[in-house]
Amino acid sequence: MRGTALKNSDGSSEESDVKLKPPVSSEEGMEGSRPRRGSPARVSTVPIAVTPEGFWCCPSPAALHKSLKNPHHHHAGGGGNKQAPQHHKTPSAPPSKAPSVQTAPSVTDEPPAPADEPRHQDQAAAEAPAPAGGQQEPQHKICVGFGRPETSDLTVMLYGKEGIAVRMGVHREVLCQSSAFFASRLAGGHGPPAPCVEIHDCDDAEIYVETVGLMYCDEAKHRLLKQSVPRVLRIMKVAEVLGFHGCVKSCLEYLEAVPWVGEEEDNVVASIRHLQSKNYGVSPLLRRISSENLNSPGDTLANIMEMVLTSTDDRGRREMKALVLNLLKDSSHCTDGSSDICSETLYSSCRGCLDRLHRLFTEASEEDYSVNVTRRITLETDNLLWLVEILVTQRICDGFVVMWSSQTELAELHPKLPAASRYTVSCITARLFVGIGRGEMLPSKNTRLSLLQVWLQPLIDDYSWLQCSCRSFDRKLVEDGIGQTILTLPLEDQRSMLLSWFGRFLKLGDNCPNLQRAFEVWWRRTFVRPYVNEAEAGNVLSSDRSSS
């Protein structure tokens with residue numbers, strides 16, 4: 001690096017001729033860090049990053065942790081540090097008030113200290129609370145140094161996890177102007193100013209170093225460009241602890257401008273909610289997820305439903321139906337009263353579709369109806385099927401079964417229409433039978449009986465069309481649903497329904513639902529179990545007679 005003009009905290013400039021050593025690999029670094037017998041201990045470098053503005057960035061956690069993984073690594077050949085020569089161009093730093101970075105952070109057994117530093121200096125330093133119980137300070141495996149001790153007038157020591165110690169040569173005036181924490185710790189007393197500030201149990205030493213570096217920047221927000229949202233949240237957390245209010249505001253401005261992806265939104269909201277009472281101006285961020293002037297959720301949902309139901313483009317309507325269905329399915333577990341709003345909106349849409357379908361059936365029952373009526377009938381039945389799926393996901397479909405079973409006028413118009421125009425309506429009946437068979441809806445006994453009496457015959461009339469023309473039709477599933485629905489009725493109602501089906505199946509064959517399994521269950525209930533009960537009763541009487 002060429003000599004660069006650097007500004008100290010007092011505004012004076014100095015020329016720096018410091019050269020950065022090229023970074024070395026983890027294995028090479030550890031080889032150099034192990035002393036050999038009969039030779040002095042070698043010092044291995046840890047890569048650091050220096051921004052063009054001149055302030056430092058902490059080594060990545062990977063660089064630090066690699067040195068922790070193999071503390072007893074020995075070179076196989078026992079030679080010295082065989083580092084290949086590398087040539088890196090480091091851009092010259094423009095004038096800045098940041099302290100220059102020393103040759104490279106060092107990895108040593110003990111934190112580096114100037115040779116001429118008096119021993120009593122540690123006692124005069126403004127130390128953080130010592131570990132509880134009077135335990136001895138653990139030996140630090142890695143010590144990373146930043147700054148130039150000869151130009152700084154303050155040392156900040158960070159003691160982090162896994163035995164990492166970070167030593168920073170900084171300027172008292174810069175830190176006191178930017179940080180309320182350092183201003184309080186370094187407040188002038190009766191004695192000489194403390195030459196060192198120690199921070200123990202540091203959870204995020206890397207971010208502490210970067211945050212202190214930001215104290216040397218006039219515009220911290222611009223230094224956050226291209227940073228990730230999680231990292232900025234970490235910086236903001238440390239800045240708040242240090243009382244670095246300018247950095248906190250810069251982080252908030254950054255978060256207000258960038259998009260939040262995936263889980264970042266929850267993390268941002270959780271990190272800034274407690275700042276509402278501290279005059280940081282977090283309202284612009286919270287407006288992204290909430291508003292006082294929003295329309296009621298019911299009106300918004302009704303508008304969305306209306307746009308989907310009246311769409312004229314098949315592909316767009318199909319994709320938006322799938323989107324809304326999945327979103328409502330994900331929100332079906334909410335307990336904030338939104339399910340009641342959803343129920344009212346959905347049933348209002350169902351009534352609108354049924355009214356339009358009734359008018360279309362009336363129009364199609366006339367001799368000179370247009371072909372467009374058939375397409376509109378198909379559209380309305382598709383809309384009703386979509387609404388039924390939503391009601392099932394919301395567990396509120398019982399009311400629709402009541403509505404559908406009461407459509408006697410629609411069922412009377414059904415045989416007057418050509419099968420090609422009406423068969424899609426039977427898809428709704430089939431879906432309700434499947435839902436009852438699966439237990440997805442729990443209508444009353446009278447509603448189930450009414451559903452069978454009103455819509456089973458139209459379903460049988462359209463059965464051949466459903467098998468040939470409806471791609472989503474599952475014959476086995478529908479037949480099982482019809483049979484299960486019949487078997488939930490009283491035995492005498494089962495008899496009338498299944499005997500009626502028996503006669504139709506003998507005439508229509510495959511063009512009629514096959515309810516043999518339900519017929520077998522009804523048969524056992526009617527003819528087998530009574531005789532078993534009588535036999536058991538006879539055995540009880542004979543045993544009583546023998547005992548007497």
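Mentor: Happy to; we begin with the ground rules, go on to the pocket, and end with the chain around it and a few residues.

This is a predicted model, in which local features need pLDDT of at least 70 and side-chain atom pairs count only at pLDDT 80 or more, while totals for chains, interfaces and linings use all residues. Residues are numbered from 1 along each chain as its sequence is written, and side-chain values use heavy atoms, with hydrogens and water left out.

Two or more lining residues come from each of α13 (314–330), α15 (372–393), α19 (425–438) and α22 (475–487). Of the elements, α15 gives the most, with eight residues. Here helices are DSSP runs of H or I with at least four residues, strands are runs of E with at least two, and both are numbered from the N terminus.

Sorted by class, the lining has twelve nonpolar, five polar and eleven charged residues. Nonpolar covers Ala, Val, Leu, Ile, Met, Phe, Trp, Tyr, Cys and Pro, charged covers Asp, Glu, Lys and Arg, and the others, Gly among them, are polar.

Now the setting: the protein chain has 24 helices and ten strands. Of its 548 residues, 43% are buried, meaning under 20% relative accessible area with a 1.4 Å probe, protein chains only.

Helix α6 (residues 205–214) holds Glu-210, which counts as buried because its relative accessibility is 5%. Beyond its neighbours within four places in sequence, Glu-210 is in contact (heavy atoms within 4.5 Å) with Gln-227, Arg-231 and Ile-235.

Lastly, the cysteines: with a disulfide defined as two cysteine sulfur atoms within 2.5 Å, the count is zero. The sulfur of Cys-251 has its closest cysteine sulfur in Cys-247, at 4.1 Å, so it is too far for a bond. Cys-251 is also buried, at 0% relative accessibility, and Cys-217 is buried at 11%.

Note on methods
Buried means under 20% relative accessible area, exposed over 50%, partly exposed in between (1.4 Å probe, protein chains only).
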